[in-house]
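Hi everyone, thanks for making time this morning. I'd like to walk you through one model, so please have a look at the sequence and the structure on the screen.

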Amino acid sequence: MLAAVDHVQLAAPPGSEGALRGFYVDVLGMTEVPKPGGLAGRGGCWFEAGAVRLHLGVEAGFRPARKAHPGLRVTGIEAYAARLAALGAPVTWDDLLPGHRRFYSEDPVGNRLEFLEPYPAAPPA
């Protein structure tokens, strides 16, 4: 039986760890966590924020996915989008998902990221 998503892995080109750290830590506000010893030599980096865990793994011949992406739930989406935009990240709003406010961005290597926040539930009539 499935219980939860443990993490999402995204790919990145070799040598991009510095740019990834700058984005995931400084722009998104995540914390880098050390990779276990046996995995550290493979390159890449891991990040966490609360229960959200993203692993960026090095892939030779990397090409960013243009459609596939993690959907990351946020609070205060307007302020979060403004923060990303002020720090140079692209912010593209999309209003097609019923019940949610959402936007897309991308990391420095072109991975697509979705950020969403449900609209508050209407009070019962």
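Let me start at leucine 84: setting aside neighbours within four places in sequence, leucine 84 is in contact with Val27, Leu28, Ala89, Val91, Phe103, Ser105 and Phe115. Contact here means heavy atoms within 4.5 Å.

Before going on, a word on the ground rules. This is a predicted model, where local features need pLDDT of at least 70 and side-chain atom pairs count only at pLDDT 80 or more, while totals for chains, interfaces and linings use all residues. Residues are numbered from 1 along each chain as its sequence is written, and side-chain values use heavy atoms, with hydrogens and water left out.

So, which residues have the most contacts inside the largest nonpolar core? They are Tyr24, Leu28, Leu84 and Phe115, in a core of 25 residues. The elements that give two or more residues to this core are strand 1 (8–12), helix 1 (17–27), strand 3, strand 4 (52–58), helix 3 (77–86) and strand 8 (112–118). By nonpolar core I mean a set of buried Ala, Val, Leu, Ile, Met, Phe, Trp, Tyr and Cys residues joined through side-chain atoms within 4.5 Å. Buried means under 20% relative accessible area, exposed over 50%, and partly exposed in between, with a 1.4 Å probe and protein chains only.

**The whole protein**

Stepping back, the protein has three helices and eight strands, in the order β-α-β-α-β-β-β-α-β-β-β along the sequence. Helices (H or I, at least four residues) and strands (E, at least two) are DSSP runs, numbered from the N terminus. Of the 125 residues, 37% are buried. Among contacts with a separation of 6 or more, 54% come from residues 24 or more positions apart. Along the principal axes, the C-alpha atoms fill a box of roughly 60 × 40 × 25 Å.

Now for the pairing, where two strands pair if DSSP finds at least two bridges between them. Strand 1 runs parallel to strand 4 over five bridges, and leucine 10 has leucine 56 in strand 4 as its bridge partner.

How many bridges join strand 3 to strand 4? There are five, and these two strands run antiparallel. Glutamate 48 stands opposite arginine 53 in strand 4, and alanine 49 is opposite valine 52 in strand 4. Their hairpin has two residues between the strands, and glycine 50 takes a positive phi near 60 degrees there.

Strand 2 also pairs with strand 3, antiparallel and over three bridges. Valine 33, in strand 2 (residues 31–33), stands opposite tryptophan 46 in strand 3. Those two residues are 13 apart along the chain, with their C-alpha atoms separated by 5.6 Å. Beyond four places in sequence, valine 33 is in contact with Trp46, Phe47 and Glu48.

**Glycine 44**

One last stop: is glycine 44 buried or exposed? Glycine 44 is buried, because its relative accessible area is 13%. This glycine sits in the loop between helix 2 (37–40) and strand 3 (45–49). Not counting residues up to four places away in sequence, glycine 44 touches Glu17, Arg21, Lys35, Leu56 and Val58. From glycine 44 to glutamate 106, 62 residues apart in sequence, the C-alpha to C-alpha distance is 17 Å.

That's my tour, and I'm happy to take questions.
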